[in-house]
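Dear colleague,

Please find below the structure I promised to pass on to you. My notes on what was found in it follow directly after.

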Amino acid sequence: MNKILPPVKGTYNLSNYQSTYESFTWEHYLTELKQNKKINAAYLTVDKHVEDGFGEKIALHYVNGRIRSAYNFAEVKERIDLYVALLRRKGVKKGDRVFIFLPKNPACYFAILATIRIGAIAVPLFEGFMQEAVHQRIEDCQGELLITDYQLGKRVDQAKLPSLKEIIFQEDIDGLEIKPDPYVEWVDPDDPMLIHYTSGSTGKPKGVVHAHRAFIHHFVSGNWVLDIKSSDVYWCTSHPGWVTGSVYGIFAPWLNRATIVIQSGRFDAASWYDIIEQFKVTILYSAPTAFRLLKAKGDLYKNYDLSSLRHVLSVGEPLNPEVIFWADQQLNLRIHDTWWMTETGGHLIVNLPAEKIKPGSMGRAFPGITIAILDDDGEELPRGEVGQLAIKAPWPGLMKAIWNNQAKYEQYFNYPGWYVSGDLAYQDQEGYIFFQGRQDDMINSQGERIGPFEVESSLIEHPAVEEAGVIGKPDPVRGEIVKAFITLKPGYFNTEELLEEIRLHVKKNLAAHAYPREIEVVDSLPKTKISGKILRRELKQQEIEKLNYKTLSI
Ligand code: PRX
């Protein structure tokens, strides 16, 4: 470890932060919650601000190429009221699962909040998913209703989904004769509001169920970690189909009454800098891949006025020290890494503005959170030793369940009292945590979690593929890329055309972000002697040995 970045000075009261770090408890917020009879995370996120007299405040700026629009909180509420009216007219009730499959646009945000406001469970899907991925998820949690648009709706075949009673198309809503409905379903804090499907190393994706109580975690971490004030213009670049895009794209900023930016589409360095300049973005929350791509564009940032930007955060994959140093030296901004997972519902390891940053580390435990590194018997390891990253349970954002899979849920709590993350890490004397990889075969490409099993299943559906083993291959920009090792069925030959056809097969059927960028045809795959399971670990080891590590950091 070389350089340490000192705390951000000026706007923060250091002594205040440091004293509260130790004395912080969730109890304060939970007691307040218990006294409050009007609990509904969606209501608190938007409606409450309108009731409190902030209806005129700009809630969002939307950018889609040249299309730009803005909504104040009253207008956002009005749009949500329309979706509420429609959902209720369709008979959606408390506990029903409503899928939201829309691009990153305001309607996606409105539909999610409307679903939650009537006590139903919102299941947002990333716009890159194709039919296989969408169907699997709707089937798993017996989705009753889907909100989509004409384009993405083409990927859904209602005839094959018996639970799906109705599809609402976003484009049709304005043409409907319907009166906005201000209905709010008051709930118990432990009632479910959101399911995020996420991938593991084995099996199909699992539905991680979050309860309304998580809003406390969202609100507090939004305030402490994202440092959001109501005067901020905050931009989280993630799609709400991912947990970062919902928790820190919708709830945390709006619970703190900030103005958010929603940008349609994926990464483009010039338009990102342009958005920061145009909207005077003050806080940016993104992923290491995006920061690496910005860095790779060199001096491009000099063409833009980025002086509004005061706080930058990262999540989802290891943040290279080189990128932190680049931002520090060129942009005069620290990048604050944060660690958490779909299952944890909110930040657990963070870099607060008032704390020093140790590049290479993910930061320290969020106040009120206890972290430990455990050995294989569940015993705490001494500082400096690598082991399983575990968190003392519970905390307000912690998932409530895995949908329809109690056994999977319990696996996270194999050591009584601890939530075990599946990540490997060590902790230094000051409690800074250093990420060392995953304990399982989960792939992390551009901060997006990809299950090898899902990709393998899609690959072997192709007529030429006999067997497949899929791994994450280290990549200097994307963190990892999906690489598949396959054996071919008799009569098929290893040609570039065939490999391209196989790649496209996965891209078209499973997901645009999860297809194997590299495919290698092999004679046989390494397997365990007894069960005959493919040894992905060995494939990965071989791949890493082939790579020259020095070229890995840019
Ligand atoms: O391996 C860790 C990695 O992403 C996993 C969680 O992925 P997901 O549930 O999709 O949530 C992503 C964002 C909340 C973790 O188990 N991960 C997340 N943050 C970091 C990270 N790896 C290294 N550094 C991080 N800051």
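The mean positions of the 63 positive and 71 negative charges of the protein lie 2 Å apart, where Lys and Arg count as positive and Asp and Glu as negative, while His and the chain ends are not counted, and where the place of a charge is NZ of Lys, CZ of Arg, CG of Asp or CD of Glu.

Please bear in mind that this is a predicted model, in which local features need pLDDT of at least 70 and side-chain atom pairs count only at pLDDT 80 or more, whereas totals for chains, interfaces and linings use all residues. Residues are numbered from 1 along each chain as its sequence is written, and side-chain values use heavy atoms, with hydrogens and water left out.

On the overall fold, the protein has 16 helices and 25 strands, taken as DSSP runs (H or I, at least four residues, for helices; E, at least two, for strands) and numbered from the N terminus. Its radius of gyration is 23 Å, close to the 24 Å that the globule rule gives for 554 residues, so the protein is as compact as a globular protein of that length; the radius is taken over C-alpha atoms, and the rule is 2.2 Å times the number of residues to the power 0.38. Buried residues make up 59% of the 554, buried meaning under 20% relative accessible area, exposed over 50%, and partly exposed in between (1.4 Å probe, protein chains only).

β15 pairs with β14 (residues 349-350) in the antiparallel sense over 2 bridges, and I349 has A365 as its bridge partner in β15.

β11 (residues 283-286) runs parallel to β12, joined to it by 4 bridges, and I283 stands opposite H311.

Finally, Q427 is found in strand β19 (residues 418-427) and counts as buried at 11% relative accessibility.

Best regards

Definitions and conventions:
Pairing = 2+ DSSP bridges.
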